Amino acid sequence: RDRSSRAALRSPKPPAQGLTTPMLDLSRYRTIIFDKDGTLLDFNAMWGGWVVTLAERLEAATGLPLADELYRSVDYDHAGQTVIAGGRLALTPMAEMKVYTHEFLRERGLPHEQAQAALAAAWHAPDPVVLARPLFDLAWLFGSLRARGLQIAVATSDDRGSTLATLAAHGAAQLVDVLVCADDGIPIKPEPQMVFEVCRATGCRPAECVMVGDAVVDLQMARAAGCLGVGVLSGLATAAQLGPWADVLLNNVVELVTPLDAAS
């Protein structure tokens with residue numbers, strides 16, 4: 001999950017035209033950096049399910065009908081079970097979302113102490129087993145890339161504990177060489193520091209890294225850092241939204257591996 005900041009204000013290039021999978025020669029690179037939600041995992045299943053449970057718990061704790069207002073305020077389409085691209089739920093790290101939820105309760109007339117108590121009763125991290133639905137077999141994906149000598153990194157605006165639990169639950173934690181998360185104390189996307197941290201840990205230069213993500217901020221981070229930005233259409237953003245920032249556009253992360261398999 002990602003948010004915008006001043007690095008996002010750089011002027012985009014014209015939309016990418018005619019870019020196809022064979023144009024991505026991974027032999028030139030040493031490390032693949034993946035975003036998590038929307039790239040590796042089903043974004044709506046994870047965060048839509050989480051905000052519905054949060055709303056239910058807040059209503060139980062306060063006795064107030066808060067769900068519909070909460071959904072609107074965080075940009076969640078409950079009827080369509082869809083997180084709105086570019087909205088608060090899509091872009092805000094967990095720590096900031098918790099602060100916002102307290103503000104939301106205060107704006108509904110709850111005194112500070114009551115809002116704090118309701119938040120304490122309702123707040124929870126997404127369940128990495130129940131809610132996390134990998135879009136593909138993560139162990140196969142990471143294993144296929146590692147077999148070709150590539151290092152695997154994950155850079156996410158989610159927290160480290162839930163990210164590790166999610167990767168472990170799907171048999172992929174041991175295949176990730178570097179994990180960079182929102183609560184690691186460094187600036188997050190679209191600032192370039194997450195890529196620089198991956199480079200520090202792997203010994204790679206940014207130009208030897210590929211950043212793969214479903215959100216504009218993933219690609220803005222790639223550009224700010226000087227690595228290749230690969231947009232995937234498996235998350236919330238459209239080709240029109242990703243195109244101006246992407247060096248390569250793919251339907252999904254499997255298309256990273258397909259041309260390698262064809263060449264072997």
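Me: Two strands pair if DSSP finds at least two bridges between them. Which residue of β7 is the bridge partner of Val 212?

Reply: The model is predicted, so local features need pLDDT of at least 70 and side-chain atom pairs pLDDT 80 or more, whereas totals for chains, interfaces and linings use all residues. Residues are numbered from 1 along each chain as its sequence is written, and side-chain values use heavy atoms, without hydrogens or water. Strands β6 and β7 (residues 228-232) pair in the parallel sense over 4 bridges. Within β7, the partner of Val 212 is Val 230.

Me: Which residue of β6 stands opposite Ile 32?

Reply: Elements are DSSP runs numbered from the N terminus: helices are H or I with at least four residues, strands E with at least two. Strand β1 (residues 31-34) runs parallel to β6 and is joined to it by 4 bridges. Opposite Ile 32, β6 places Val 210.

Me: Which residue of β4 does Ile 33 face?

Reply: Strand β1 also pairs with strand β4 (residues 151-155), in the parallel sense and over 4 bridges. In β4, Ile 33 stands opposite Ala 153.

Me: In what order do the 6 strands of the open sheet lie?

Reply: The pairing in this sheet is parallel. Its edge strands, each pairing on one side only, are β5 (178-180) and β8 (248-250). The order of the strands is β5-β4-β1-β6-β7-β8.

Me: Are the residues of strand β6 buried or exposed?

Reply: Buried means under 20% relative accessible area with a 1.4 Å probe, protein chains only, and exposed means over 50%. One side of β6 carries Cys 209, Met 211 and Gly 213, the other Val 210 and Val 212, and both faces are covered. Strand β6 (residues 209-213) is largely enclosed by the rest of the structure, because 5 of its 5 residues are buried.

Me: At what angle do helices α1 and α4 pack?

Reply: Axes are lines fitted to C-alpha atoms over the stretch in contact, with angles from 0 to 180 degrees between N-to-C directions. The axes of α1 (residues 43-62) and α4 (residues 94-107) are 13 Å apart. The angle between the two helices is about 35 degrees.

Me: Which residues of α4 make the contact with α1?

Reply: Contact means heavy atoms within 4.5 Å. Helix α1 contributes Trp 47, Trp 50, Leu 54 and Leu 58. From α4, the contact residues are Met 94, Met 97, Thr 101 and Leu 105.
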